[in-house]
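User: I am new to this structure and would like to know what stands behind the words used for it. Please set each value against its definition.

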Amino acid sequence: MSHHYPAHIWHNGEIKPWAEATTHVMSHALHYGSSVFEGIRSYATPDGQRIFRLTDHLKRLYTSAKIYDMVIPYTLDELAMACRHVIAANKLEKAYLRPLAFRGLGGFGLSADCPTEVSIAAWHMGPYLGAGTLESGIDACVSSWQRMAPNTIPAGAKAGGNYLSGQLIAREARRLGFGEGIAMASTGLLSEGAGENLFLVFEGALHTTPVSAALLNGITRNSIITLARKNGIEVVERDIPREYLYLCDELFMCGTAAEITPIRSVDGKPVGEGKPGPVTAKIQALFFGLFDGRTADEWGWLEQC
């Protein structure tokens with residue numbers, strides 16, 4: 001995103017200039033990580049701009065807030081309309097949306113009842129892991145940092161504090177010269193990427209780690225499972241040991257930001273033939289086909305902008 005910030009942002013009920021969307025340095029969220037957020041993409045389609053699974057993303061925002069007893073002072077419909085307004089205000093033809101709800105200024109104790117502030121930003125984002133990565137794939141490494149243990153910090157909430165873990169994993173990977181990091185759960189079994197879910201391919205079938213593996217139940221992950229099963233590709237959710245990253249035929253990571261990014265090597269070991277494989281290409285075609293008309297949207301995922 002660098003410093004080419006958008007002109008407008010939605011904050012606490014209104015569109016305002018980007019520079020005016022401020023909060024106090026004593027806001028609860030800055031000190032204690034009490035924020036929940038979403039990442040949502042809109043795409044240019046033959047029928048005009050559409051927001052991908054807007055309602056499902058916003059539903060998850062409310063479930064994340066529920067886990068932390070955070071009251072969002074807007075309805076889902078109000079936030080959905082705000083998403084549309086901020087895209088229009090910035091005249092974006094396709095966008096990455098970032099709704100954020102957080103405890104603002106109001107008290108200094110951990111359990112303080114602070115007002116919930118809500119903002120929604122929108123900007124243009126290309127491929128998250130860099131130009132060309134969707135086509136050529138990335139080189140990943142297994143991180144020395146593990147994900148949170150069960151019943152400590154809930155991975156099922158998309159909360160700001162969870163991304164302290166993601167930062168450690170991602171920054172270590174970059175420092176070592178890799179495109180992204182992959183994390184183990186506290187069990188020593190596979191979890192997910194720094195900010196992406198994982199799919200391994202064995203003999204034409206997709207294998208992915210379960211939500212009990214300290215991972216976010218990703219909406220892109222769910223979309224891929226749905227598309228794969230609809231098109232006769234078997235999907236298995238199971239515990240996966242680390243070494244199967246080295247033994248699978250193909251490997252890719254997915255997320256709203258990363259979309260579907262192939263992984264061509266892990267820890268310096270080539271995955272399969274060391275380049276993106278046919279099942280990954282098929283899944284990419286099905287997914288991106290939603291936006292150019294090749295794949296029928298049978299689930300109402302492409303929502304009016």
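**Terms and values**

User: Why is Arg53 called buried?
Analyst: Arg53 has a relative accessible area of 8%. Buried means under 20% relative accessible area, exposed means over 50%, and partly exposed lies in between, with a 1.4 Å probe and protein chains only. Since 8% falls under that limit, Arg53 counts as buried. The model is a predicted one, in which local features need pLDDT of at least 70 and side-chain atom pairs count only at pLDDT 80 or more, while totals for chains, interfaces and linings use all residues. Residues are numbered from 1 along each chain as its sequence is written, and side-chain values use heavy atoms, with hydrogens and water left out.

User: Where is Arg53, and what is its phi?
Analyst: Arg53 sits in the loop between S5 and helix H2 (54-67). Helices (H or I, at least four residues) and strands (E, at least two) are DSSP runs, numbered from the N terminus. The phi of Arg53 is near 55°, a positive value in a residue other than glycine.

User: Is Lys91 buried or exposed?
Analyst: Lys91 is exposed, because its relative accessible area is 73%. Its place is the loop between helix H3 (76-89) and S6. Lys91 also has a positive phi in a residue other than glycine, near 50°.

User: What makes S4 largely enclosed by the rest of the structure?
Analyst: Strand S4 covers residues 40-45, and five of its six residues are buried, so the strand is largely enclosed.

User: Which strands does S4 pair with, and how do you know?
Analyst: Two strands pair if DSSP finds at least two bridges between them. S4 has three bridges to strand S6 (residues 95-103) and four to strand S5 (residues 48-52). Ser42 stands opposite Ala95 in S6 and opposite Ile51 in S5. A hairpin through two residues links S4 to S5.

User: Why is S6 called largely enclosed, and what else does it pair with?
Analyst: Seven of the nine residues of S6 are buried, so S6 is largely enclosed by the rest of the structure. Strand S3 (residues 35-37) is joined to S6 by three bridges, and the two run antiparallel. There, Val36 stands opposite Ala101. Strand S7 (residues 116-123) is joined to S6 by eight bridges, also antiparallel, with Leu97 opposite Ala122.

User: What makes Ile169 buried, and where does it lie?
Analyst: Ile169 counts as buried because its relative accessibility is 0%. Ile169 belongs to helix H5 (residues 163-175). Contact means heavy atoms within 4.5 Å. Beyond its neighbours within four places in sequence, Ile169 is in contact with residues including Trp145, Gly181 and Ala194.

User: Is Gly181 buried or exposed, and which residues is it in contact with?
Analyst: Gly181 is buried, because its relative accessible area is 0%. Gly181 lies in strand S9 (residues 180-184). Neighbours within four places aside, its contacts include Cys141, Ile169, Ala173 and Met253. Gly181 and Val266 are 85 residues apart in sequence, and their C-alpha atoms are 9.2 Å apart in space.

User: Why does Ala155 count as buried?
Analyst: Ala155 counts as buried because its relative accessibility is 14%. Ala155 is in the loop between strand S8 (138-142) and H5. Val211 is 56 residues from Ala155 along the chain, and their C-alpha atoms are separated by 8.5 Å. Setting aside neighbours within four places, Ala155 touches Met148, Asn162, Ala214, Leu215 and Leu216.

User: How do you know that the radius of gyration agrees with that of a compact globule?
Analyst: The radius of gyration is taken over C-alpha atoms, and the globule rule is 2.2 Å times the number of residues to the power 0.38. For 305 residues a compact globule would be near 19 Å, and the protein has 19 Å, so the two agree. The C-alpha trace spans about 55 × 45 × 35 Å along its principal axes.

User: How many helices and strands are there, and what share of the residues is buried?
Analyst: The protein has eight helices and 17 strands. Of its 305 residues, 51% count as buried. Among contacts between residues at least 6 apart in sequence, 68% join residues at least 24 apart.
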